[in-house]
Amino acid sequence: MGKYFGTDGFRGEANIDLTYDHAVRIGRFLGWYYGKNNGKKCRVVIGKDTRRSSYMFEYALVSGLTASGADVYLMHVTTTPSVSYVTRIDEFDCGIMISASHNPFYDNGIKLLNAQGEKMDEETILKIEAYLDGEIGEVPVATKEEIGRTVDYVAGRNRYVGYLISLAMHSFRDVKVGLDCSNGSAWQIAKNVFDALGAQTYVINANPDGLNINTNCGSTHIEVLQKYVVENGLDVGFAYDGDADRCMAVSGDGKIIDGDLTLYIYGTYMKERGKLINNTVVTTVMSNFGLYKAFDEAGIAYEKTAVGDKYVYENMVANGHRIGGEQSGHIIFSKYATTGDGILTSLKLMEAMLAKEKTLSQLAEPVQIFPQVLKNIRVKSKAEARGDAAVIAAVDAVAAKLGDDGRILVRESGTEPVIRVMVEAATLEECEAYVDEVIEVIKKQGHTA
């Protein structure tokens, strides 16, 4: 991770941590780097979510890009995976998504994608950061006919919708599906896809006003959809985050299907059909003990990466694996996408459910999830808090108490100034007590912001 860009882009409070000027300069550098620096006209595609500041950052990026001679194609409000798809399919030099994902409306982010629709490489990111810090001289501006232009490119979003529809293996006719669009990017896409496939579609939180994205809705507030599915007698429900690159599901009986259970359901479905290349599913260190025990029982191998779908994808590419993801709902199907895709994930869960004629709850039944508690604490310096000798001693003490009956994981967030403390144990009470024990030490050592 660099100074500005974390595991999922440059993210922070709009015009506090991430400013209009940052966006202009990022655009200036990218337009030059992929364009005049290579002796050609640069082509960039941009998408954004529904938060109010996304429009400001869109115009700022366009200003910088066109000033450097790039042509900019605007997909407008759309999902991160759609930008990834269009960048790759339509051979753009790079793609940009303006979103802070699941964060509140006042935060925003700039996610950069390479020509393959993958997260941009670290080498290029470091060059951008050097330019932001004035370590690289000012790049030249375009003049006369070399000045860039903008192109309305909603057609790209429509083609992505068609692509999703084409991947469905079954009709959704007579299936009652609930969708929580988080007042975010999915609001114009998800219902169209499910309607086209014949579902009886029920939608909530699809009225964005720029301020209500992720507010008591979506994948980070799955209890809202859970209640809606049960009260309305729906067969299944899917909740997305602000930019729709993650999905959490709810079975008709109200059982929550998180990323771990999704990996189990579709991983075993792939194995049964001989489609699980290398017989391996890629997870992160945050996946639950219960998932690994269920994989062992099913005869499926697994990899563990650092937290972040970036690391999951890198492992998949390096080893040729076909499915991987995070407990939080980022699921990557490498045959179809180069990034997590919430709507694609929901289509794949529908496929497994309809093909096996079972509910999601029944498909997830072999996984016995260990109680888990995760708490975040905002700190002044993630590195100092994580490396404090007293904090390390507290973590080691908890690990010793847990032994082979649980685990503790303390890590730095890749996108926020927080330390995450997670414990899995035999009971919820134990988890709470051990997490609080470590957090108290962090507070006592004076690291809280």
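## Helix α5 and its buried face

In this predicted model, the buried residues of helix α5 are Gly156, Arg157, Tyr160, Val161, Tyr163, Leu164 and Leu167. Viewed down the axis of α5, these buried residues fall within an arc of 160°, so they line one face of the helix. An α-helix has 3.6 residues a turn, so residues three or four places apart point the same way.

The helix itself runs over residues 154–167, and its 14 residues reach 21 Å from the first C-alpha to the last, which is close to the 20 Å expected at 1.5 Å a residue. The cover over the buried residues of α5 includes one strand, β4 (71–77), together with the helices α3 (80–89), α6 (190–196) and α11 (342–356).

## The crossing of α3 and α5

Two packed helices are described by the angle between their axes and the distance between the axes. For α3 and α5, the axes come within 9 Å and cross at roughly 100°, a value that lies in the range from 65 to 115 degrees and therefore makes α3 roughly perpendicular to α5.

On the α3 side the contact involves Pro81, Ser82, Tyr85 and Val86, and these meet Gly156, Arg159, Tyr160 and Tyr163 on the α5 side. Taken together, the residues of this contact between α3 and α5 divide into 5 nonpolar, 2 polar and 1 charged.

## The pairing of α8 and α9

Helix α8 (residues 259–272) and helix α9 (residues 289–298) have axes that come within 10 Å and cross at roughly 10°. Because angles under 35 degrees count as roughly parallel, α8 is roughly parallel to α9.

Helix α8 contributes Asp260, Leu263, Tyr264, Thr268 and Lys271 to the contact, while α9 contributes Leu291, Ala294, Phe295 and Ala298. By residue class, the contact of α8 with α9 divides into 6 nonpolar, 1 polar and 2 charged residues.

## Helix α7 and its two sides

In helix α7 (residues 222–231) the buried residues are Ile222, Leu225 and Val229. Seen down the axis of α7, they fall within an arc of 65°, so they line one face of the helix. The face of α7 turned away from this buried side carries the exposed residues Lys227 and Glu231.

What covers the buried residues of α7 includes the strands β8 (176–180), β9 (200–204), β10 (236–240), β11 (247–251) and β12 (256–257). After α7 comes glycine 233, whose phi is positive, near 60°.

## Two individual positions

Phenylalanine 57 lies in helix α2 (residues 53–67) and, at 0% relative accessibility, counts as buried. Leaving aside neighbours within four places in sequence, phenylalanine 57 is in contact with Ala14, Asn15, Leu18, Thr19, Tyr20, Ala23, Ile98 and Asn108. The C-alpha atoms of phenylalanine 57 and isoleucine 110 are separated by 8.5 Å, although the two residues are 53 residues apart along the chain.

Aspartate 209, by contrast, is placed in the loop between β9 and α7, and its relative accessibility of 47% makes it count as partly exposed. Its C-alpha atom is separated by 7.8 Å from that of arginine 52, a residue 157 residues apart from aspartate 209 along the chain.

Definitions and conventions. Residues are numbered from 1 along each chain as its sequence is written. This is a predicted model: local features need pLDDT of at least 70, side-chain atom pairs count only at pLDDT 80 or more; totals for chains, interfaces and linings use all residues. Side-chain values use heavy atoms; hydrogens and water are left out. Helices (H or I, at least four residues) and strands (E, at least two) are DSSP runs, numbered from the N terminus. The expected span of a helix is 1.5 Å times one less than its number of residues. Buried means under 20% relative accessible area, exposed over 50%, partly exposed in between (1.4 Å probe, protein chains only). The arc is that of the directions from the helix axis to the C-beta atoms. Contact means heavy atoms within 4.5 Å. Axes are lines fitted to C-alpha atoms, for helices over the stretch in contact, and angles run from 0 to 180 degrees between N-to-C directions. Angles under 35 degrees count as roughly parallel, over 145 as roughly antiparallel, 65 to 115 as roughly perpendicular and the rest as oblique. Ala, Val, Leu, Ile, Met, Phe, Trp, Tyr, Cys and Pro count as nonpolar, Asp, Glu, Lys and Arg as charged, and the others, Gly among them, as polar.
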